Amino acid sequence: MENNMVFKYETPLIEGIIKQRKSQFTIDVIIDNEVIRCHCPTTGRIGNIDLSGIPCLLSKSDNPKRKTPYTVEAVSLDLPESKEKSWIGINQNAANRYVENALVKGLFVDMVSGYDTVLREQVLGISKLDFLVENIYIEVKMPLLSIQLPYPKHIKTKKVGKFSSTERFIKHINELAGSLLSNHRAILLVCFIYDNPGFKVEVRSTGSDFVESEVQKCISKGIEIWQVNFSISKDGVRLQKYFEITHNFMKKG
C-alpha cells in the first residue's frame with residue numbers, strides 16, 4: 001500500500017523497558033538505566049499482560065510543566081534484546097487522530113469515498129460521535145482489554161475479572177443505529193495499532209447477554225462494523241489494512 005503513513009512523529013520514539021505499572025495513569029520505565037515515571041494513555045488494562053519487564057516505545061512532550069514528560073505509546077511481546085520487535089500501540093487518546101488523518105488522506109476508499117468534509121465530535125441525540133463524513137457517522141473504538149495475539153512463553157499474565165463498564169458503548173451503537181433513520185450509513189470502526197487478524201468481542205462482561213442482544217439489534221438495523229489495523233514504529237503510524245467484520249462479531253469467551 002503506497003503512501004500509507006498516517007502520522008509521522010516529529011521526533012522518533014525512544015525505547016525503554018517497563019519496570020512496573022504504578023497506577024491507571026502512570027508506568028515506571030527504565031530509560032538509559034534510569035527509572036522514570038511516564039504517562040499511561042489508557043486507564044484500563046492492557047489485555048491480561050503483566051507489563052513488568054517488557055519493552056515499550058515512548059514519546060516525549062515539549063511541555064516543561066508536565067509531571068510525566070514521557071508517554072508510553074506502545075509495548076512489545078518480544079524479548080527486550082530482540083533487534084526486530086513488533087509493537088502494540090496503547091495510546092487510545094491518539095486513535096482518533098490516526099483515523100482522522102487516514103480519512104483526510106482518502107485511505108479508506110473501500111469503506112468511505114467521494115466526500116469533501118470530515119467533521120470531528122458531532123453531537124447525535126445524547127451522544128457525541130467521533131466523525132461525520134458527509135452524511136455517514138463513524139464511531140471509533142480501540143479495544144485493549146483483550147490482546148488478540150499469541151503470547152510467547154516468556155510473557156507473564158495476570159488473572160483478570162469481568163468487565164462491567166459497557167453503558168457508553170451501548171449508548172453509542174444505539175445512537176449510530178438511530179442515525180440510519182435519516183442517513184444511509186453508520187459505521188462502528190474498531191481500531192487496532194497492531195496486526196489483529198480479525199476482531200471478535202470476547203463476551204466476558206457482566207450483563208454480556210444484554211450487550212450481545214444490543215449489538216445484534218443494531219446490526220439488524222443496518223450499522224456496519226469495520227476493523228482497521230495500524231502499525232506503529234519509532235518513526236510513525238501506518239495503515240496496514242481495513243475490512244468489514246459485521247458478521248460473527250460477537251463470540252462467547
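The largest nonpolar core of this predicted model has 79 residues, and those with the most contacts inside it are Phe 108, Ile 138, Leu 189 and Phe 230. Such a core is a set of buried Ala, Val, Leu, Ile, Met, Phe, Trp, Tyr and Cys residues joined through side-chain atoms within 4.5 Å, where buried means under 20% relative accessible area, exposed over 50%, and partly exposed in between, with a 1.4 Å probe and protein chains only. Its largest share, 7 residues, comes from strand S11 (residues 186-192); strands (E, at least two residues) and helices (H or I, at least four) are DSSP runs numbered from the N terminus.

Because the model is predicted, local features need pLDDT of at least 70 and side-chain atom pairs count only at pLDDT 80 or more, while totals for chains, interfaces and linings use all residues. Residues are numbered from 1 along each chain as its sequence is written, and side-chain values use heavy atoms, with hydrogens and water left out.

Leaving aside neighbours within four places in sequence, Phe 230 is in contact (heavy atoms within 4.5 Å) with residues including Val 6, Tyr 98, Phe 108, Cys 191, Phe 192 and Leu 239.

**The sheet and strand S10**

An open sheet of 7 strands runs in the order S1-S14-S13-S11-S10-S9-S8, with mixed pairing; two strands pair if DSSP finds at least two bridges between them. Strand S1 (5-8) and strand S8 (118-124) stand at the edges with a single partner strand each, so one side of each is left without a neighbour in the sheet. From one strand to the next, the twist averages 35°.

Strand S10 (residues 136-141) pairs in the antiparallel sense with strand S9 (residues 127-133) over 3 bridges, whereas 5 bridges join S10 to S11, and these two run parallel. S9 and S10 form a hairpin with 2 residues between them, and Glu 134 in the turn has a positive phi of about 55°. The table lists residues that stand opposite one another across these pairings.

| Residue | Opposite residue in its strand |
|---|---|
| Phe 131 | Ile 138 in S10 |
| Leu 132 | Tyr 137 in S10 |
| Glu 139 | Leu 188 in S11 |

Because 6 of the 6 residues of S10 are buried, this strand is largely enclosed by the rest of the structure. Both of its faces are covered, with Ile 136, Ile 138 and Val 140 buried on one side and Tyr 137, Glu 139 and Lys 141 buried on the other.

Among the buried residues of H2 are Ile 170, Ile 173, Glu 175 and Leu 176.

Tyr 115 lies in the loop between helix H1 (95-104) and S8, and at 15% relative accessibility it counts as buried. Not counting residues up to four places away in sequence, Tyr 115 touches Leu 103, Val 104, Gly 106, Val 133 and Glu 134.

**Cysteines**

A search of the whole structure finds 0 disulfides, a disulfide being a pair of cysteine sulfur atoms within 2.5 Å. The sulfur of Cys 40 is 10 Å from the closest cysteine sulfur, in Cys 38, which is too far for a bond. Cys 40 counts as buried at 1% relative accessibility, and Cys 218 counts as buried at 0%.

Terms used:
Axes fitted to C-alpha atoms, helices over the stretch in contact; angles between N-to-C directions.
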